[in-house]
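Trainee: Before I trust any labels on this one, can we go through how each was assigned? I'd like the cut-offs next to the values.

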Amino acid sequence: MEIKVNFLDNLRLEAKFDDFTVIADQPIRYKGDGSAPGPFDYFLASSALCAAYFVKLYCQTRGIPTENIRLSQNNIVDPENRYAQIFKIQVELPADISEKDRLGILRSIDRCTVKKVVQQGPEFIIEEVDNLDADAQALLMPVSDTTTYIAGKDLPLEQTIANMSGILADLGMKIEIASWRNIVPNVWSLHIRDAQSPMCFTNGKGSTKESALASALGEFIERLNCNFFYNDQFWGEDIAAAEFVHYPNERWFKPGPKDALPAEILDEHCLAIYNPDGELRGSHLYDTNSGNTLR
């Protein structure tokens, strides 16, 4: 996930991701204004919230009320090394919860994604770039010197991934991987999306990470070509009443007599595919992005 940070007044910072904005500040004792939690405060809260999420999920799926469940987290700092800390998560459970569910709730907390990432030990890459939006593959996979060929394909998977992500970058789109799945051996799937517009997304599957990513990128480009993204979204009155909605050379047709299909939109071959039973009417075909039935 791409998070972009803007520098505000004094020590205030603004992080933007998806459709959310998070403000961070520093305490007054550190020359901040104390107007918002600090970055490390958000980090600590993320593990507590993540643990609580898994408790909530466990209880919801089993019909266990959570009104009387309380959870807290404390970080115990080593006095000789402030970066060596113990995160102690405690949960208070009502007396009427069974022993089986008590154990299940504790095990659910152990699934916390924040906890697992911290325990795995993430790698940080810190570098200077000329343009944050220039590297089309920055959010995909590490650059590899290997080449993977599939019989019947013109190019190795790595080159195909670079080509397709380059096409999307030229359109001003930066693709990020939101999640990976590898539940069984040799079966990979992933969810990719536009970093600036998460509603533009696709999924890919394959026997390797590279083939799954190539599949997802190909599907993304295909959806762009056929205007699949936002196809059911209303874009507002201004666009609905504009001279054109999608393309300057677009054409609109009115239904024929008795709501018949406009003669110009489908030839005999297409009618046999899309209207084999003759049920399709002109009023069935209107643009959902503009919602303007008069067109």
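Trainee: Why is aspartate 18 called partly exposed?

Mentor: Its relative accessibility is 28%. Buried means under 20% relative accessible area, exposed over 50%, and partly exposed in between, with a 1.4 Å probe and protein chains only. So aspartate 18 counts as partly exposed. Keep in mind that this is a predicted model, where local features need pLDDT of at least 70, side-chain atom pairs count only at pLDDT 80 or more, and totals for chains, interfaces and linings use all residues. Residues are numbered from 1 along each chain as its sequence is written, and side-chain values use heavy atoms, with hydrogens and water left out.

Trainee: Where does aspartate 18 sit, and what is its phi?

Mentor: Aspartate 18 is in the loop between β2 and β3. Its phi is positive, about 50°, although the residue is not a glycine.

Trainee: And what makes lysine 31 exposed?

Mentor: Lysine 31 has 69% relative accessibility, so it counts as exposed. Lysine 31 lies in the loop between β3 and α1, and it too isn't glycine but has a positive phi, near 75°.

Trainee: How do you know that β2 and β3 pair?

Mentor: Two strands pair if DSSP finds at least two bridges between them. Strand β2 (residues 13-17) and β3 have 5 bridges, in the antiparallel sense. Strands and helices are themselves DSSP runs (strands E, at least two residues; helices H or I, at least four), numbered from the N terminus.

Trainee: What makes β1 and β3 edge strands?

Mentor: The open sheet of 3 strands has the order β1-β2-β3, with antiparallel pairing. β1 (4-7) and β3 (20-24) each pair on one side only.

Trainee: What about β4 and β5: how many bridges do they have?

Mentor: β4 and β5 pair antiparallel over 9 bridges. A hairpin of 2 residues joins β4 to β5, and asparagine 75 stands opposite phenylalanine 87 in β5.

Trainee: On to helices. Why are α1 and α3 called oblique?

Mentor: Helix α1 (residues 39-61) and helix α3 (residues 113-120) pack at about 125°, with their axes 7 Å apart. Angles under 35 degrees count as roughly parallel, over 145 as roughly antiparallel, 65 to 115 as roughly perpendicular and the rest as oblique. α1 and α3 are therefore oblique to each other. The axes are lines fitted to C-alpha atoms, for helices over the stretch in contact, and angles run from 0 to 180 degrees between N-to-C directions.

Trainee: Which residues make that contact?

Mentor: Contact means heavy atoms within 4.5 Å. On α1 there are Phe43, Ser46, Ser47, Cys50 and Phe54, and on α3 Thr113, Val114 and Val118.

Trainee: How do you know that the span of α1 agrees with its residue count?

Mentor: The expected span of a helix is 1.5 Å times one less than its number of residues. For the 23 residues of α1 that should be 33 Å, and the end C-alpha atoms are 33 Å apart, so the two agree.
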